[in-house]
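Here is a short report for a reader who is new to this structure. Start with the view below, then read on.

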Amino acid sequence: LDGLPLGIKLAAAQAQLCSPTQILASILSHPQSLESSYSDLPPRHRSLWAAISSTFAMLSAQQKRAFVALSVFRGGWTVAAAEAVVGTKHVRDDLHRLIDWSLITSIPQQEPLRFRMLEILHRYAAERLNLGREAEAVRGRHLDYYLKFAEEAAAGLNAEAQDRILNRLEGEWENLQSALEWAATARLPEQGLQLACALWKYWYIRGENQAGAAWLDKMLAACRE
């Protein structure tokens, strides 16, 4: 619950009937289940999902699109990544507004500066993305961005800046893994193979040969030709 006071209060109210493990399992499988039975509370205070929905409703159409699209990222993102992937005009302005609404936060002591969503917010936005018509386009731009990112990083792994580049790849690993998964799911094996090839030296240096070989095998088999 990332320390959200309303979420903690609603979860604590279930403690008389459920163990912490049961409460966690319920939240993970059905985030909407975290709600109060007290009818005298304002609707937005009866559930965490309703509280998020009331904030989401106050965003402009463009800000809503940006917030939903940002759920494609895993482990955070940079401003450059958001500009390439979100697909709206004036992405920086949208990021400012989403920070003002506490829908995204910056990750301290990161260079370049990175941003993230709280887990419950990410789940809400991801559900909106999956139900919308732009999911495939957003994930396609995400794959394109991280393919280019990986290829540029691979070109510098023999240079003096190797440690810095390895750290950048490690910092984006969740996004790179997500891009590989999307390439496999969306039947884009050629792009997936390009991405796996760009990452082979990273896997080799980090001693992750088996993981790299598994992805290369998977993409090669999917390409067939």
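Predicted model: local features only at pLDDT ≥ 70, side-chain atom pairs only at ≥ 80, totals over all residues.

How do the rings of Tyr145 and Tyr146 meet? Their centres are 4.9 Å apart and their planes stand at 85°. An angle over 60 degrees counts as edge-to-face, so this pair is edge-to-face. Both tyrosines belong to one aromatic cluster, together with Phe73, Trp77 and Phe149. The count of aromatic pairs comes to nine.

## The chain as a whole

The chain has 225 residues, and 40% of them are buried. Its secondary structure consists of 13 helices and three strands. The accessible surface is about 13100 Å². Carbon and sulfur atoms account for 52% of that surface.

Take the contacts with a separation of 6 or more: residues 24 or more positions apart account for 64% of them.

Strand 2 and strand 3 (residues 114-116) run antiparallel and are joined by three bridges. Which residue of strand 3 is the bridge partner of Ser106? The partner is Phe115.

## Helix 10

Helix 10 covers residues 162-171. Ile165, Leu166 and Leu169 are buried in this helix. They span an arc of only 100° around the axis, which puts them on the same side of helix 10. An α-helix has 3.6 residues a turn, so residues three or four places apart point the same way.

What covers the buried residues of helix 10? The cover includes helix 9 (135-155), helix 11 and helix 12.

## Helix 13

Helix 13 takes in 15 residues, 209-223. At 1.5 Å a residue, it should span 21 Å. Its end C-alpha atoms are 21 Å apart, which agrees. Just after the helix, Arg224 takes a positive phi of about 65°.

Gly212, Trp215 and Met219 are buried in helix 13. Why do they line one face of the helix? Seen down the axis, the buried residues fall within an arc of 65°, so they share one face. The face turned away from this buried side carries the exposed residues Gln210, Asp217 and Ala221. Helix 11 (173-185) and helix 12 (189-205) are among the elements that cover the buried residues of helix 13.

Trp215 lies in helix 13. Is Trp215 buried or exposed? Its relative accessible area is 12%, so Trp215 is buried.

Leave aside its neighbours within four places in sequence. Trp215 is then in contact with Gln177, Leu180, Glu181, Ala184 and Trp203. Trp215 and Cys197 are 18 residues apart in sequence. In space, they are 9.3 Å apart, C-alpha to C-alpha.

Conventions
Residues numbered from 1 in each chain as written. Heavy atoms only, no water. Pairing = 2+ DSSP bridges. Helix = DSSP H or I, 4+ residues; strand = E, 2+ residues; numbered from the N terminus. Expected span 1.5 Å × (residues − 1). Buried < 20%, exposed > 50% of the residue type's maximum accessible area, 1.4 Å probe, protein only. Arc of directions from axis to C-beta. Contact = heavy atoms within 4.5 Å. Areas by Shrake-Rupley, 256 points an atom, 1.4 Å probe, with all protein chains shown as cover. Phe/Tyr/Trp six-rings, centres within 6.5 Å; stacked < 30°, edge-to-face > 60°.
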